[in-house]
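Me: I would like to learn how to read a protein model feature by feature. Could you walk me through one, with the general idea ahead of each case?

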Amino acid sequence: MTNTNPRIMAIANQKGGVGKTTTAVNLATALAAVGRRVLLIDLDPQGNASTGFGIINADRRITTYELVMGEVSVSEAAVPTAIPHLSLIAATIDLSGAELELVSMVRRESRLREALQAVPMPYDYVIIDCPPSLGLVTLNALVAADSVLIPLQCEFYALEGLSHLLKTIELVHQRMNPRLSIQGVVLTMYDRRNSLTSQIEQDVRKFLGTQVYKTVIPRNVRMSEAPSHGKPALIYDMHCAGSKAYLKLASELLRREKKQMEAA
């Protein structure tokens, strides 16, 4: 069955190294594992989400650059991964040029939205892995998305910059995309042995309340190893603590979505 209105979720944080791509890859895999049809869009010029599925640069012939530039459709750009129900639109360094090229374009902030709305898509979820910046490429993701999931690293500077991101999301909501909401905040690189981690968790939960997911993503060596093998952690080692956490996160996300739909 073709779903003309998949749920579109951007995974964003302008700070690098917070587990954004790890969250995109493993959440997409976890949703696919429970039978949801998922499209993961790698919108980061570093292309780490593509690497995480073992897609080498030479095989990235049609990418998010061509999609954003309006040269190809979603169906032309999407390729199946080794994970059932999960497709990917890969990225290459070419996408970094899009920041400059978009500046002079008409409807420069809505190119991705137009591409996603152009044809019916056979997906339940579209997950967008954003670059670690708040430039035009990320703005395209926010304008296209229904919601934003924010990975937040459990470290001293975690809340620094978050207020800027939240203001940006609110501005996009007000001026360009009234559908946009905060899906939630997920705490990453969580270390229960570190007292600072607990303090940061308390501060974040006090500041953001129920927007923070109950599930936390622990620091985990197996998750760090997985990308070098071209596999999501859930495939590389489904029994490791990180994989179990992402399965719990997917379950919590689906429960939240169900409650929101029932309340609507």
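Reply: Gladly, and let us begin with burial. A residue is called buried under 20% relative accessible area, exposed over 50%, and partly exposed in between, using a 1.4 Å probe and protein chains only. Gln 153 has 9% relative accessibility, so Gln 153 counts as buried. One caution before we go on: this is a predicted model, where local features need pLDDT of at least 70 and side-chain atom pairs count only at pLDDT 80 or more, while totals for chains, interfaces and linings use all residues. Residues are numbered from 1 along each chain as its sequence is written, and side-chain values use heavy atoms, with hydrogens and water left out.

Me: Which residues does Gln 153 touch, not counting those up to four places away in sequence?

Reply: Contact here means heavy atoms within 4.5 Å. By that rule Gln 153 touches Lys 15, Gly 17, Val 18, Ala 158, Thr 188, Met 189 and Arg 219. Gln 153 itself lies in strand E6. Pro 227, 74 residues from Gln 153 in sequence, is 19 Å away in space, C-alpha to C-alpha.

Me: How many helices and strands are there in the protein chain?

Reply: Helices (H or I, at least four residues) and strands (E, at least two) are DSSP runs, numbered from the N terminus. The protein chain has 12 helices and 7 strands.

Me: In what order do the strands of the open sheet come?

Reply: Two strands pair if DSSP finds at least two bridges between them. The order of the 7 strands in this open sheet is E3-E4-E2-E5-E1-E6-E7, and the pairing is mixed. Strand E3 (79-80) and strand E7 (181-188) are the edge strands, each pairing on one side only.

Me: How many bridges join E1 to strand E6?

Reply: There are 3 bridges between E1 and strand E6 (residues 147-153), and these strands run parallel. E1 also pairs with E5 in the parallel sense, over 5 bridges. Ala 10 lets you see both pairings: Ile 128 is the bridge partner of Ala 10 in E5, and Val 148 stands opposite Ala 10 in E6. As for burial, E1 is largely enclosed by the rest of the structure, because 4 of its 5 residues are buried.

Me: Which strand does E2 run parallel to?

Reply: Strand E2 (residues 38-42) runs parallel to strand E5 (residues 125-129), and 5 bridges join them. One place to look is Leu 39, which stands opposite Val 126 in E5.

Me: Which strands does helix H12 lie across?

Reply: For such angles, axes are lines fitted to C-alpha atoms, for helices over the stretch in contact, and the angles run from 0 to 180 degrees between N-to-C directions. Helix H12 (residues 241-263) lies across strand E1 (7-11), E5 and E7, at about 160° to E7.

Me: Where is Thr 138?

Reply: Thr 138 is in helix H7 (residues 136-144). With 2% relative accessibility, Thr 138 counts as buried. Beyond its neighbours within four places in sequence, Thr 138 is in contact with Cys 130, Pro 131 and Ser 133. The C-alpha atoms of Thr 138 and Ala 10 are 8.8 Å apart, although 128 residues separate the two along the chain.

Me: What should I look for in backbone phi angles?

Reply: Most residues other than glycine have a negative phi. Arg 107 has a positive value, near 50°, and sits in the loop between helix H5 (98-103) and helix H6 (111-117). Met 189 also has a positive phi, near 55°, and its place is the loop between E7 and helix H9 (195-208). Arg 107 is partly exposed at a relative accessible area of 45%, and Met 189 is partly exposed at 22%.

Me: How many disulfides are there?

Reply: A disulfide is a covalent bond between the sulfur atoms of two cysteines. The rule used here asks for a pair of cysteine sulfur atoms within 2.5 Å, and the count comes to 0 disulfides. Cys 240 is in no disulfide, as its nearest cysteine sulfur, that of Cys 154, is 17 Å away. Cys 240 is buried, with a relative accessible area of 6%.
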